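Subject: Structure for your review

Dear colleague,

Please find the structure below, followed by an account of what was found in it.

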Amino acid sequence: MIAPPGVALKRTALNAVHRAAGARMVDFCGWDMPVEYSGITREHLAVRTAAGIFDVSHMGEITVRGPQALALLQYVTSNDVSRLQDYQAQYSALMLPNGAAIDDCVVHRFSSEHYLLCVNAANTDQDFAWIVQNNSFGADVHNVSALYAQLALQGPRAVEILEKVSEPDPADLQYYRFRPARCCGVEGILARTGYTGEDGFEFYFAPDQSARVWNTLLEAGRAEGLIPAGLGARNTLRLEAGFALYGHELDERTTLLEANLGWIAKPAKGNFLGRDVLLLQREQGVPKRLIGFVMTDRAIARDGYPVWVEGKGVGKVTSGSPAPFLRKNIGLAYVPPSCAEVGREIQIEIRGKLAPARIVALPFYKRRNWDKAT
Amino acid sequence: MYPPEFLYTKDHEWIQVDESIGTIGITDYAQKELGDVVFVELPKPGDHVTASESFGNVESVKSVSEIFSPVTGEVIAVNSKLQNNPELLNTDPHGEGWLVRVRLADRAEIDKLMTADEYEAYIQQEKAH
């Protein structure tokens, strides 16, 4: 996505640090962001085998507070917020009445009357407006995105790196839990979350401390092989892990069930936006379904390429790329449920030619020791 | 950085012309823009290429880009090393990473191409945008 001409790109507090490090910068949804530093492949492999650090300060943060906070969140999100304990986080979606998501998000519960939502940068303003518009409950809703920088430290060696510079000891923080922490001398919120399919952490803190945290972490992780990683590697990592990206697998016309996100839709909790549509689809089936595929020759599928089954165009690729760790060319696509079964041979139309591919089970990549770490 | 004996296109290809034979590749600027190259799709010897028209594709992790021919002519050789070592486009774009050799149909076409100095001025402009 490119910002309209004449509109200045937004910058994170680390913009000058990225440029000084030789990062290639791109316009990402109106933000001037690093797409790569030393190469997507190298950065991707560092996260799979050692560790990488990402500036994700462009992500949005919205707080929902007050006695009605839970009621509002139960209504606008799909997952069951009442299941959260204090200092627990939950992957969820901000819903539209048609069963599609206006955005996906992570809901963090500080207390029964205080929640923090982490949302996509490009959607922050409309997410905030949508929550406010649906706030007949009277909760306090604030867009606090400008108050937070966010760094993601991801990879199998993330925990040992963080242990050197963070207290309390991050090792005993469980998956999808968070707590106040002091990292690199800076107070903030440390969550054991991420978007790479690896173990890792996300740290939220005051933007004016960004360079200090970034540089201290890089220094602390040097011996472990920690390197800075950009949005390019972030995308290939999340694709290998089979995670949806808003604007690709998710949009305002695709329901959670179609996107294989039925697991974050909890109709049993009571009414929420889009619930009726999801219940109906659960009963009657979906018109399209998200599948993962692997190319079976050397061709590479890209976003938007048509998908063919038995001589007919049946769908479109939503994300396609070489997978640097798996060393395969993979993709996600929507196809009718009748041709969505694992093992089916399909074809991807690439510049007018059909290239063979096979539907595979998702995720493409799952890290070892996942259960132990969670 | 940019060999003075090469000529350059606005689409970031280079050509080194020796009599009626031209060796074609992509520039260092192009490989940096592409990032890690993982696959190169090229014509076969005997195929015809046309000036300013696409004759192949370079796939990087991030994206796919067409390659445009600086000249019209017949392909007489293809860099077969790229099949298994596409990263040569990143490590040595002006040397080992060459793409194809063509027999020029009309040598006058190369008069329209940029010199190394002109190309460097051109990419400075590109970077400023």
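Chain B has 4 helices and 9 strands, where helices (H or I, at least four residues) and strands (E, at least two) are DSSP runs numbered from the N terminus. Along the sequence these elements follow the pattern β-β-β-α-β-β-β-β-β-α-α-β-α. The radius of gyration of chain B is 14 Å, close to the 14 Å that the globule rule gives for 129 residues, so chain B is as compact as a globular protein of that length. That radius is taken over C-alpha atoms, and the globule rule is 2.2 Å times the number of residues to the power 0.38.

The model is a predicted one, in which local features need pLDDT of at least 70 and side-chain atom pairs count only at pLDDT 80 or more, while totals for chains, interfaces and linings use all residues. Residues are numbered from 1 along each chain as its sequence is written, and chains are lettered from A and ligands numbered from 1 in the order in which they are written.

In chain B, 41% of the 129 residues are buried. A residue is buried if 20 or more other C-beta atoms lie within 10 Å of its own, exposed if 12 or fewer, and partly exposed in between, with C-beta atoms placed from the backbone. The C-alpha atoms of chain B fill a box of roughly 35 × 35 × 20 Å along the principal axes.

Chain A contains 9 helices and 20 strands. Its radius of gyration is 20 Å, close to the 21 Å that the globule rule gives for 374 residues, so chain A is as compact as a globular protein of that length. Of those 374 residues, 49% count as buried.

Within chain A, an open sheet of 5 strands runs in the order β5-β6-β7-β4-β8, with antiparallel pairing; two strands pair if DSSP finds at least two bridges between them. β5 (88-95) and β8 (140-143) of chain A stand at the edges with a single partner strand each, so one side of each has no neighbour in the sheet. From one strand to the next, the twist averages 25°. Strands β4 (residues 60-65) and β7 (residues 114-119) of chain A pair in the antiparallel sense over 6 bridges, and A:E61 stands opposite A:C118 in β7(A).

Two helices of chain A lie across this sheet. Helix α3 (residues 69-76) lies across β4, β5, β6 and β7, at about 130° to β4(A). Helix α4 (residues 124-133) lies across β4, β5, β6, β7 and β8, at about 15° to β4(A). Axes here are lines fitted to C-alpha atoms, for helices over the stretch in contact, and angles run from 0 to 180 degrees between N-to-C directions.

The largest nonpolar core has 141 residues, and A:V64 and A:L117 are among those with the most contacts inside it. Such a core is a set of buried Ala, Val, Leu, Ile, Met, Phe, Trp, Tyr and Cys residues joined through C-beta atoms within 7 Å. Leaving aside neighbours within four places in sequence, A:L117 is in contact with A:E61, A:I62, A:V64, A:C105 and A:V107; contact requires C-beta atoms, placed from the backbone, within 7 Å.

Finally, the contact between the chains takes 12 residues from chain A and 8 residues from chain B. On chain A, α2 (40-49), α7 (231-240) and β17 (312-323) each supply at least two residues of the side that touches chain B.

With kind regards
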